[in-house]
Amino acid sequence: MTGYPLHRPRRLRTTPAVRRLVAETRLHPAQLILPAFVREGISEPVPIGSMPGVVQHTRDTLRKAAVEAAEAGVGGIMLYGVPAVQDAVGSEGTNPDGILQQAIRDVVGEVGDQVVVMSDLCLDEFTDHGHCGVLAPDGSVDNDATLERYAEMAVVQAEAGVHMVGPSGMMDGQIGVVREALDGAGHQDVAMLAYTAKYASGFYGPFREAVGSSLKGDRKTYQQDPANAREALRELELDLAEGADLVMVKPAMAYLDILRQVADASTVPVAAYQVSGEYAMVEAAAANGWIDRDRVIMETLTSIHRAGADQILTYWAVEAARTLRQ
Ligand code: PBG
C-alpha cells in the first residue's frame with residue numbers, strides 16, 4: 001500500500017441519482033432547433049429516402065410539424081424552401097411569394113410567439129446549377145455579386161416576418177452585408193445566425209436529396225477545408241466584427257475540436273449543426289440493429305453540447321425534446 005487512501009472516482013457513478021446529481025452537461029429542449037423542408041407544388045409530404053423519418057413538407061404539414069415542435073418545447077425552427085423552378089440567379093429566393101417566404105409567414109403565424117423562426121439565407125436551393133451563389137462568366141462563384149443577392153434575400157425574408165436569418169453560403173463579407181441590408185430596410189431586430197465555420201463536407205449528401213439540389217462538383221472554393229482549424233477562428237473574428245448574433249460550426253460530430261475552439265473564443269452564443277449525413281449514419285446503423293438508436297441519439301447530442309454548443313440544429317429535435325422532458 002502507498003499510504004494514500006484509494007481514490008474511488010466510481011463512487012460518483014454508483015446510482016442513477018448520484019449520476020444525475022453530478023452530470024456536468026444537461027441539454028434542454030429550448031436549445032434544440034429543428035431544420036424543416038417545405039416544397040412547392042406538392043399535395044402530400046414526400047419522404048426523403050436517405051433521411052428516414054424526414055420529409056419534404058407541404059405548406060399544410062409544415063404548419064402541423066411546427067405546432068408539434070412548439071408543443072415539444074423545441075426552441076427554434078430553421079426553414080428550407082424547395083421551389084418548383086430553379087434558375088441561374090435563384091429568383092425564387094427573392095420572390096416575396098416564393099415558397100420559403102410563404103412558409104415563413106405560415107410558421108410565424110402559427111407558432112411565432114413560442115419558437116424562434118429562422119430561414120436559410122442561401123441560393124443553392126434556388127439555383128439550377130446548385131451553387132450557393134451566382135456564377136461569373138468563367139463558371140466560378142462570384143462572391144460580390146452573390147452578396148447583392150443575399151442582401152435582397154434577407155430583406156424579403158424579414159418582410160415575410162422571419163425572426164432570425166441563417167446566412168449559410170460562406171461568401172466573404174456576407175454577415176456585414178446582410179446586417180446593413182436589414183438595418184437599411186428597418187429590420188434592426190431581425191437577428192443573424194451566422195454559419196461561421198462551415199466545412200466542405202461529405203456529410204451533406206442526404207441534404208442535397210432533401211432540397212433537390214442540382215449541384216455537380218463541389219463547394220470547395222467557398223466552404224472550409226476539413227484539414228484546417230485556424231481559419232475557423234479567422235471566420236469567427238470576421239463574423240463577430242460584422243455583427244453576427246449567433247455563430248455556428250457545421251457539421252458537428254467530425255468537428256468537435258473546432259466547436260470547442262470557437263466556443264472558447266466566441267463572445268456570442270455558439271450553435272452546432274448535426275447535419276443530414278450524421279443523422280443518416282445513425283438511422284442506417286440502427287435499422288441494421290447495429291447500434292441502440294435512442295441511446296446513440298442522446299449520446300451524440302450530449303457530446304455536441306459538452307464540446308461547446310449552446311444550441312444544436314438536429315433533425316431529431318422533436319424526439320429529443322420529448323425524451324429530455326421525461
Ligand atoms: C446550404 C446548406 C447546406 C446544408 C445546410 N445549408 C448544404 C450545403 O452546404 O451543401 C446542409 C445541411 C445538412 O446536411 O443537414 N444552403
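Gln224 is buried, with a relative accessible area of 2%, where buried means under 20% relative accessible area, exposed over 50% and partly exposed in between, judged with a 1.4 Å probe and the protein chains only. The model is predicted, and local features need pLDDT of at least 70, side-chain atom pairs count only at pLDDT 80 or more, and totals for chains, interfaces and linings use all residues. Residues are numbered from 1 along each chain as its sequence is written, and side-chain values use heavy atoms, with hydrogens and water left out.

Gln224 belongs to the loop between helix H6 (205-210) and H7; helices (H or I, at least four residues) and strands (E, at least two) are DSSP runs, numbered from the N terminus. The side chain of Gln224 forms a polar contact with the side chain of Tyr199, at 3.4 Å. A polar contact is a pair of N or O atoms within 3.5 Å; within protein, one must be able to donate a hydrogen and the other to accept it, and residues adjacent in sequence count only if both atoms are side-chain atoms.

Ile104 lies in helix H3 (residues 99-111) and is buried, since its relative accessible area is 0%. Although Ile104 and Ala160 are 56 residues apart in sequence, they are 6.1 Å apart in space, C-alpha to C-alpha. Ser303 is placed in helix H10 (residues 293-306) and counts as buried because its relative accessibility is 16%. A polar atom of the side chain of Ser303 lies 2.9 Å from the backbone oxygen of Glu299. Ala244, in the loop between helix H7 (230-242) and strand S8 (246-250), counts as buried at 7% relative accessibility. Between Ala244 and Val211 there are 33 residues of separation in sequence and 26 Å in space, C-alpha to C-alpha.

Two loops show particular backbone geometry. Met170 lies in the loop between strand S6 (164-167) and helix H5 (174-184), and its phi is near 60°, a positive value in a residue other than glycine. Met170 is buried, as its relative accessible area is 5%. Pro251 lies in the loop between S8 and helix H8 (256-265), and a cis peptide bond, with omega about -10°, joins Lys250 to Pro251.

Lys250 is also one of the residues around the ligand. In total, 17 residues surround the ligand, and the closest are Asp124, Arg208, Lys250, Ser276 and Tyr315; a residue is near a molecule if one of its heavy atoms lies within 4 Å of it. This shell divides into 7 nonpolar, 3 polar and 7 charged residues. Here Ala, Val, Leu, Ile, Met, Phe, Trp, Tyr, Cys and Pro count as nonpolar, Asp, Glu, Lys and Arg as charged, and the others, Gly among them, as polar.

A nitrogen atom of the ligand is 3.2 Å from an N or O atom in the side chain of Lys250. Oxygen atoms of the ligand are 2.6 Å from an N or O atom in the side chain of Arg208 and 2.7 Å from one in the side chain of Ser276. The protein covers 100% of the 410 Å² of accessible area that the ligand has on its own, areas being computed by the Shrake-Rupley method with a 1.4 Å probe. The ligand sits in the largest cavity. On a 1 Å grid over the protein atoms alone, a cavity is a set of points where a 1.4 Å probe fits but cannot get out, and a molecule sits in a cavity if more than half of its atoms lie within 2 Å of its grid points.

Notes:
1 Å grid on protein atoms, 1.4 Å probe; cavity = no way out; pocket = protein on both sides within 12 Å on 5 of 7 lines; lining within 4 Å.
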